[in-house]
Amino acid sequence: MGTVLDEIITGVRQDLARRMLTCTMTDLEAAVAAAPAPRDAMRRFRNDQLSVIAEVKRASPSKGALASINDPAQLAAAYEAGGAAAVSVLTERRRFNGSLADLDAVRERVGLPVLRKDFIVTDYQLWEARVHGADLALLIVAALDDAELDRLHRLALDLGMVPLVEVHDEAEARRAVHAGAELVGVNNRNLKTLEVDVANFERIVSHLPDEVVKVAESGILTGADAARVRSAGADVILVGEALVTHAHPAQAISELVAAADREESR
């Protein structure tokens, strides 16, 4: 029996096959050649304050529908106003109700670096991400073997994007470091049970070198959560649910960062 991740990737590959019928790799290569240069995300993440990657996320496999988000560009603008360092856009259709159109809309509206968050398993998807304005692209270690991880990591860099390499345990953290990842996200969600435990970040962060920018993902719902992972060594937090369900997302970002700053100054 396959895992949730396996099931999602099966659907991703089916949707990808349909897109490839209407847009060839040659088309993508031509579009990338004409595209503006990517924005520098790492400069924003390497500062003295906790950075926030704010996510445009309508749904998830664990929670179902979270928010309708009729205007992803407007939400992204609120994130920018609230001090987000980057915007993450879910583009997976079946489980997260996202699309590349959302990525286009956000890219058009904000000046921040934008992350394509999807289940990237092919070169085509990275070229596609760059065409649609992504400055960062998610690579999930659990979805890739070592050869795939190395190849996709190198390609993302060659395209001018920063790979956010996501890990879930110590073994995956070692694989990410071996691949040369400079931006590593520790996902606190168990891929088998879908349960979240923020202590996962605390366990894994010690396996990452000092020079790696460390991102805490999943389960950052309150200021206390942000302060906790900041104390453990997070440079960045990736937050979706807590923002899309908040009446004032810009304020929510400010509150998360302020809570982490208060804890750090004690």
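# Close-up views of a predicted model

**View 1. Strands E8 and E9 lie side by side.** Strand E8 (residues 183–187) pairs with E9 in the parallel sense, over five bridges. Strands count as paired if DSSP finds at least two bridges between them; helices (H or I, at least four residues) and strands (E, at least two) are DSSP runs, numbered from the N terminus. Lys214 of E9 is the bridge partner of Val184. Together with helix H9 (residues 199–204), E8 and E9 make a right-handed β-α-β unit. Right-handed means that, with the strands pointing away from the viewer, the path from the first strand over the helix to the second runs clockwise.

This is a predicted model, in which local features need pLDDT of at least 70, side-chain atom pairs count only at pLDDT 80 or more, and totals for chains, interfaces and linings use all residues. Residues are numbered from 1 along each chain as its sequence is written, and side-chain values use heavy atoms, with hydrogens and water left out.

**View 2. Strand E9 also pairs with E10.** Strand E10 (residues 236–239) runs parallel to E9 and is joined to E9 by three bridges. Glu217 stands opposite Leu238 of E10. A right-handed β-α-β unit is made by E9, helix H10 (residues 223–232) and E10.

**View 3. The residues of E9 are buried.** Because five of the five residues of E9 (residues 213–217) are buried, the strand is largely enclosed by the rest of the structure. Buried means under 20% relative accessible area, exposed over 50%, and partly exposed in between (1.4 Å probe, protein chains only). Val213, Val215 and Glu217 point one way from E9, while Lys214 and Ala216 point the other way.

**View 4. The largest nonpolar core has 93 residues.** A nonpolar core is a set of buried Ala, Val, Leu, Ile, Met, Phe, Trp, Tyr and Cys residues joined through side-chain atoms within 4.5 Å. Phe45, Tyr79, Leu126, Leu183 and Ile237 touch the most other members. Helix H1 (residues 4–22) gives the largest share of this core, six residues. Beyond its neighbours within four places in sequence, Phe45 is in contact (heavy atoms within 4.5 Å) with residues including Ser51, Leu183, Val213 and Val236. In soluble globular proteins, nonpolar side chains tend to be buried together.

**View 5. Helix H4 has a buried side.** In H4 (residues 72–81), Pro72, Ala73, Leu75, Ala76 and Tyr79 are buried. These residues cover an arc of only 160° around the axis, so they are on the same side of H4; the arc is that of the directions from the helix axis to the C-beta atoms. The buried residues of H4 pack against strands E1 (51–56) and E4 (86–90) and helices H5 (100–109), H11 (241–244) and H12 (249–265). Just after H4, Gly83 has a positive phi of about 100°.

**View 6. A search of the whole structure finds one aromatic pair.** The ring centres of Phe96 and Phe119 are 5.9 Å apart and the planes are at 35°, so the pair is tilted. Rings of Phe, Tyr and Trp (its six-membered ring) pair if their centres lie within 6.5 Å; planes under 30 degrees apart count as stacked, over 60 as edge-to-face and the rest as tilted. Phe96 is in the loop between E4 and H5, and Phe119 is in the loop between strand E5 (114–117) and helix H6 (123–131), 23 residues apart. Phe96 is buried, with a relative accessible area of 10%.
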